[in-house]
Amino acid sequence: MIRHLLLAACATLALATAADAASKKAPPPPAVPPAPGAPGVNDWRTPDPENVMVIDTNKGRVFVELSPLAAPKHVAQVKDIARAGLYDGRSFFRVIDLFMAQTGDPKDDGTGGTDRPDLKAEFTFRKGADTPFLLVADQTVAEIGFMGALPIMTQSSMLAPMTADGKVSAWALYCPGVAGMARGEDPDSANSQFFLMRQAYPSLEKRYTAFGRVIAGLDVVRAIKVGEPVEQPQDKMLKVQMLADMPAQSRPKIKVIDPNSPWFKAEVENVRAEMGADFTACAIRIPSEVK
């Protein structure tokens, strides 16, 4: 009898505990802010045409915004090679689907370069208080943000007062569209070959110099024929020129979202809320318009 009473009491207690637990529902997750609509007229910026490289390929046109603040020597050499016409007709000879598309070799096979000097690596650069940087994630020991369209990571700004130049180290994040310089085993062997990222690839960070990012035409980059090496016929850069050098009457007008705009800040908050702990700068959209 006692055993039966104990079992009944335990069952009653279990039912009461379950009912109590059910009445204490977990709070609903925080609401995800709505994705921003179309950017307004003041959400855009016009990139400097002196730092926009226009690549006409047999698959379409690609616009790459160069970043002299991140890699001044590489940007200068790429612009010089483009203006000399040495990129015209070059093949995309090595293209890996979820990785990148490589080009810029006069030999079209990965073994060549120009008569320009090889470049000293610019894997990192110095970020100061005057660097145009928009913070999107503070990780205490590091900061993630944007310098124009280029996603970057830096040391904590709190370290700046302790450095000789009042600045901290920064480097590009290899998100889709980022343009990087190819090199050999020697870190200081980049010359003319470069690659455009088809997808994010973090292991390249601080190992290869990033000198810009595709701001329009990423779909073209992803449409380039894949192969390692690519079988003939290979897709090509038909003509490469700087936007500033194009005749005014035929020069395309391009604008790109301003990282300081209300639209961009709303986009950041939407992505952060949706991704939570998996938040990444590579998921943030950088809209552009070409006319």
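In helix H2, the buried residues are His-74, Val-75, Gln-77, Val-78, Lys-79, Ile-81 and Ala-82. Buried means under 20% relative accessible area, exposed means over 50%, and partly exposed lies in between, with a 1.4 Å probe and protein chains only. Helices (H or I, at least four residues) and strands (E, at least two) are DSSP runs, numbered from the N terminus.

This is a predicted model, in which local features need pLDDT of at least 70 and side-chain atom pairs count only at pLDDT 80 or more, while totals for chains, interfaces and linings use all residues. Residues are numbered from 1 along each chain as its sequence is written, and side-chain values use heavy atoms, with hydrogens and water left out.

Contact here means heavy atoms within 4.5 Å. H2 covers residues 72-83, and at 1.5 Å a residue its twelve residues should span 16 Å. The end C-alpha atoms are 17 Å apart, which agrees. The expected span is 1.5 Å times one less than the number of residues. Gly-85 follows H2 and has a positive phi, near 80°.

Ser-67 sits in the loop between E3 and H2. Is Ser-67 buried or exposed? At 9% relative accessibility, Ser-67 counts as buried. Leaving out residues up to four places away in sequence, Ser-67 touches Val-75, Met-147, Leu-150, Phe-211 and Gly-212. Val-75 is also one of the buried residues of H2.

**The chain as a whole**

The chain holds four helices and 17 strands. It has 291 residues, and 46% of them count as buried. Among contacts between residues at least 6 apart in sequence, 68% join residues at least 24 apart. The chain exposes about 14,800 Å², with carbon and sulfur atoms supplying 58% of that area. Accessible areas come from the Shrake-Rupley method with a 1.4 Å probe, and for residues only the protein chains shown count as cover.

Strands of a sheet pair through backbone hydrogen bonds, either parallel or antiparallel. Here, two strands pair if DSSP finds at least two bridges between them.

Strand E10 (residues 150-155) is mostly covered, with five of its six residues buried. E9 (residues 142-147) and E10 form a hairpin with two residues between them. Gly-148 lies in that turn and has a positive phi of about 70°. E11 covers residues 168-172.

| Strand pair | Bridges |
|---|---|
| E9 and E10 | six bridges |
| E10 and E11 | three bridges |
| E7 and E11 | three bridges |
| E16 and E17 | three bridges |

Individual partners can be picked out. Phe-146 has Pro-151 in E10 as its bridge partner. Thr-154 stands opposite Ala-170 in E11. Ala-170 in E11 is also the bridge partner of Phe-125.

**The three-stranded sheet**

Another open sheet has three strands, ordered E1-E16-E17, with antiparallel pairing. E1 (44-45) and E17 (288-290) are its edge strands, each with a single partner strand, so one side of each is left without a neighbour in the sheet. Strand E16 covers residues 254-257. Val-256 stands opposite Ser-288 in E17.

**The disulfide**

How many disulfides does a search of the whole structure find? The search finds one. A disulfide is a pair of cysteine sulfur atoms within 2.5 Å. This one joins Cys-175 to Cys-282, with S to S at 2.0 Å. The link is left-handed, with -80° about the S-S bond. Cys-175 lies in the loop between E11 and E12, and Cys-282 in the loop between H4 and E17, so the pair ties together parts that are 107 residues apart in sequence. Cys-175 is buried, at a relative accessible area of 0%. Cys-282 counts as partly exposed, at 25% relative accessibility.
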